[in-house]
Every structure is written in C-alpha cells, then in structure tokens.
Amino acid sequence: EQEELDEDDENLEIRPPVVTVMGHVDHGKTRVLDAIRKTNVIDGEAGGITQHIGAYQIWTEHEGNERAITFIDTPGHEAFTAMRARGADVTDIAILVVAADDGIMPQTVEALNHAQAAGVPVVVAVNKVDKPDANPAKVRSQLTEYGVVAEEYGGDVMFVDVSALRGDGIDNLLEAVLLTADAGLDLVANPNKEARGVAIEAKLDKGRGSVATVLVQGGTLRVGDPIVAGTAYGRVRAMIDENGDRVEEAAPSRPVQVQGLNSVPRAGDLFLVTEDDRMARQIAEKREAVERNAQLAKARKRMSLEDFTKALEEGKVESLNLIIKGDVSGAVEALEESLLKIEVDDSVQLRIIHRGVGAITESDINLATIDNAIVIGFNVRPDTKAREAAQREGVDTRFYNVIYNAIDDVESSLKGMLKPEFEEAQAGLAEIREVFRSSKVGNIAGVIVRSGTITRNAKARIIRDGVVVADGLAIDSLRRFKDDVTEVRTDFEAGIGLGKFNDIQIGDEIETIEMVEKPRD
Ligand code: GDP
C-alpha cells in the first residue's frame, strides 16, 4: 500500500533524512540535539518559540545547497524500538553519541545493536572532546570490535569529534549525516499524493484536545485532510511546527503537530489521509477490531484444535473448559477477558468454549457434557430443564455474583489447588405462586419449596427468568398457614417475608444459600 503510489518515478523527489540520536546515558544525546537545533540557518523568524513536539527539522548548508534534516527529538533507543515494534521504521540514520572520556558503555552497544538490526546506518558523534581526559582515538578503536570501522581506518562509518557543550563540530556532524544519506540511501518520496506516515508522539491537551506529532513519509499533509492514525481519526483542524508556527501543509520528512483527531494515537501508529471522513472512521474501527481480536487471541494463548487434541493425547496438556453465561454482555466479556489473563503453567489450557447472555439452558448443559466443561453462571441460574440435565449428567455448574470470586476459583482450579474451601451452595429454592401485598409488614410471597429447605434468617436472592435480580436479602419471616416456623422442606407451601423488600412477582424464585465445604477432587 505504501510502495505502490511511490512507483511513479516522475513524481519522486529527494526528501530529508530522518535521524535518531542514540547512545549511553549521560553521553550527551540531549545536548547534541539542542546544539543541532541551534545551528538552524533559517532560524529566528518572527513569532517562533521553540516547542518540543517530538521531532524537528533544521536547514543547513551542504555543498552550496540548503538541505533539511529531520531529527527525532526523543533521544535513546527506547522510542526507536517501541516504534519499530509497531511496525514503523521512521529512522534513516542513527547518530551514535559516545562520550570521549567514557568510551563504549553497555547502552552504546545496545543502541548499536538496535540500529544494526533495523539496517540503519550509523554516524558516530564522539562527544565531550573538550574534556581534558577525552580520548577520541580510543572510541574509534573500541568500536572496531563491534564492526564499526571509521573511514580513516579504511571502514565506511563516519566519526565526527564534537563538543555539544561548546557547539564545536556540530556542522561537521550534519555534513556527515548528509554525506551518509547521499552515499547509500535513496531517500525519495512522492509529495504529490495524499499523505501517509507515522505518529511519533501524542498527548491529550486540555485546551486543544488530542494533539499528535506525525512525520509525513509520503505525500503532502494539508489542513482539512481527513486522516486516520492508528485507531484515532478526524480532520486536520490545524498544524503547528516545532517553532509553534501554524503551517498549512507538510511535505515528506516534515514533522508537524496535528490537531483534530478524536483520540490520542500511540507512538508508531501509522497514519494516512483518506478520501473522506467516513472512510477514516471505518479504517479506525476496523483497526480497533483487529487489535481487540489480536489481544484476545494473545490472552487466550489458544492452540489450534488439532494441536490441542494431539497434545492432549500425548498427555502434554490438561485443559479446563468453560462455558460462561451472564446477565449482561458486558459482564460476560469482562469475565472472559479476566479469565483468559490468568497466568498458568503452559501445560494447562483454559478454553472458553461458549459464552452467552441469559439463563443457563439445556443446550449449554449438553455442550458442557460433550466437552467436559464447567458452566459458570454470573448472576444467572439454570432454567428448570437445564437444572435437571445438569443433575442427570453430573455437569459442574458454579454460580458467582462477584467477578473476582469467579476468577479466583478458576485460577485455583487451574493450579489444582481449589483454594476456597467453602463455597456458596443452594440451600433451598422456592417458587413464588402468589404475592400478598401488605403495607405494614412488607409483601409476603406465597411459595412452594421446589428443592432443599428454606430456613428462617437464611440469606436469600430473587431469580427472575433465570437472572438474579436481587441479592443480599434475608428470610425475615417464614410461616406455614398462621404459624411461624423455622424451616420448610421441599414440596411444602409457605409464606415468606423479605423484610422491607417488596419487588417480588409471581413466577420469581427465591433461592437461599449456605456455605458448604467444597469437595476436593
Ligand atoms: P544524555 O543522557 O545522553 O541525554 O546526556 P545529556 O545531554 O543530558 O548530557 C549529560 C551531561 O553531560 C550533562 O551534564 C551535559 O552538560 C554534559 N555534556 C554533554 N555534552 C557535553 C560536552 O560536549 N562536553 C562536556 N564537557 N559536557 C557535556
């Protein structure tokens, strides 16, 4: 997609190199970037205040021409690798800063490795040559051990002695960057098309909303363009350069801060101008979906079914299969995501074979029977048929009202510990067949006990169509005919008062719970 539009040779124009400054901490990366910025030959125009927008461009004299160079204004290889991890290769040349008094240090080597891995040529800035103990020759000889051989030693890497503190040698450094660019890199782009590039840095600004610094890699970006950057989209409302000046357009290798996106993209996100706003939004939404799926797949660590079956046969994995049902889709999703994030040994697999909203049904139980799955009900219960089927088939059904408890329990199961030794169990279940309205003592439920025993003072909850609609109640009064009783058994009728709680309907179920010791496997 990126290449095809550039093929038209007639439109290709030389673009400025994009440079990242890397090196060991305290070797002077920030100073070098400051010193370079001060050399700008067309600096000091009216109104400009130096801004940190994540990148800047300077102009310098080179062989009689004015040439631009773009610098990424975040020194170090962390930003460089973070962007590469997102698939963005923005850097053409790396300046490796090495303090002449300190020599090669661990991060010097690390930075070099990153540049080499990315195939980015290096220019070495031997810094702090003003220091009395500076030894620039030693830096050169040390680096040959890493395959970086200076031109004066017959190699192809340019070394430049500089003092960022005094500003000495900075012009030579820029010269070396341009020579390196012209020597081997074919830095061209087509400015006559819709822009594309990379977001370098972005933030949420109180007054201006989302502000994102983008580096144009091809085409020309203009105010008013509809764009998408990562999963953010919008129209370019305004563009500001590194001097805080408004600009109307940005050509290849030009970094500009863009306003008008609906959210904040991440460093390394690719941006492109689209035909219209609708398309920008569509691309953003598609990217978001792809990202979400990738995240889920990653969290799931799921093997293909074939791999899984094979591993199972070889005894390499044990799996815990789950079916998740919940009262609302948000809860099901949240539970699923949290469960999939549980970190366990690689030999144990967590598979969520089915998820859905609503009461646990007979088909859920059938599926659980086939796949030997545990059914998790979050704020939902099995309907009558499902309850019978689960009992008949011996399907493990577990109910939770707090996501954390579900996660904790599953985690324990996965780790083979079954940590909570007590769990909630149903003590009794009663079906409401009549509701007696009473303003004095609260409504009374005329029930028949369907299973277990209902006990006075027991903790209770209301289930309507398989979904828990009220929890944390207590059986306040329990009567058979006119008599107060302490318990009512299966198949007997009773009158139940739930204190001030009045929201009961015919057909609701009252479930009472008790804590029982968990059976150990
Ligand atoms: P960074 O961590 O690589 O960004 O390093 P800095 O740019 O923050 O510089 C680290 C320290 O070295 C600071 O105290 C600078 O003033 C000092 N420094 C940087 N460049 C030079 C230089 O050319 N000469 C001398 N003497 N000190 C320098």
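Q: What share of the contacts in the chain with a separation of 6 or more is accounted for by residues 24 or more positions apart?
A: In this predicted model, the chain is built from 11 helices and 30 strands. Among its contacts with a separation of 6 or more, the part that joins residues 24 or more positions apart comes to 70%.

Q: Of the 521 residues of the chain, what percentage count as buried?
A: A residue counts as buried if 20 or more other C-beta atoms lie within 10 Å of its own. Over the 521 residues of the chain, the share that counts as buried is 39%.

Q: In which helix of the chain is confidence lowest?
A: The mean pLDDT of the chain is 85, with 87% of its residues at 70 or more. Residues 298–303 have a pLDDT below 50, and the model gives this stretch 8 contacts beyond near neighbours in sequence. Confidence is highest in strand β7 (residues 159–161), at 98, whereas the lowest value, a mean of 56, belongs to residues 305–313, which form helix α7.

Q: How many contacts beyond four places in sequence does the model have for residues 1–6?
A: Over residues 1–6 the pLDDT stays under 50. For this stretch, the number of contacts that the model has beyond four places in sequence is 9.

Q: Which helix gives the largest share of the shell around the ligand?
A: The ligand is surrounded by 16 residues, and the closest are G28, K29, T30, R31 and L165. By class, this shell has 4 nonpolar, 6 polar and 6 charged residues. Its largest share, 3 residues, is contributed by residues 29–38, that is, by helix α1.

Q: Is the crossing in which α8 passes α11 left-handed or right-handed?
A: The axes of helix α8 (residues 329–340) and helix α11 (residues 403–414) come within 10 Å of each other and cross at roughly 30 degrees. As α8 passes α11, the handedness of the crossing is right-handed.

Q: How many residues of the contact of α8 with α11 are nonpolar?
A: On the α8 side the contact is made by A334, L335, S338 and L339, and on the α11 side by I403, A406, I407 and V410. Of the residues in this contact of α8 with α11, no charged one is present and 1 is polar, while the number of nonpolar ones is 7.

Q: Is K128 buried or exposed?
A: K128 lies in the loop between β6 (122–127) and α4 (136–144), and it has a positive phi of about 65 degrees although it is not a glycine. Most residues other than glycine have a negative phi. Because 25 other C-beta atoms lie within 10 Å of K128, this residue is classed as buried.

Q: How many C-beta neighbours does N379 have inside 10 Å?
A: N379 is found in the loop between β20 (373–378) and α10 (384–393), and its phi is positive, at about 65 degrees, although N379 is not a glycine. N379 counts as buried, because its number of C-beta neighbours inside 10 Å is 22.

Q: What is the C-alpha to C-alpha distance between G499 and G442?
A: G499 is found in the loop between β29 (493–497) and β30 (509–517), and it is exposed, with 12 other C-beta atoms within 10 Å. Not counting residues up to four places away in sequence, G499 touches G442, A474 and D476. Although G499 and G442 are 57 residues apart in sequence, their C-alpha to C-alpha distance is 6.0 Å.

Conventions. Residues numbered from 1 in each chain as written. Predicted model: local features only at pLDDT ≥ 70, side-chain atom pairs only at ≥ 80, totals over all residues. Near = placed C-beta within 6 Å. Helix = DSSP H or I, 4+ residues; strand = E, 2+ residues; numbered from the N terminus. Nonpolar A, V, L, I, M, F, W, Y, C, P; charged D, E, K, R; others polar. Axes fitted to C-alpha atoms, helices over the stretch in contact; angles between N-to-C directions. Left-handed = near helix turned anticlockwise from the far one by under 90°. Contact = placed C-beta atoms within 7 Å. pLDDT = per-residue confidence, 0-100.
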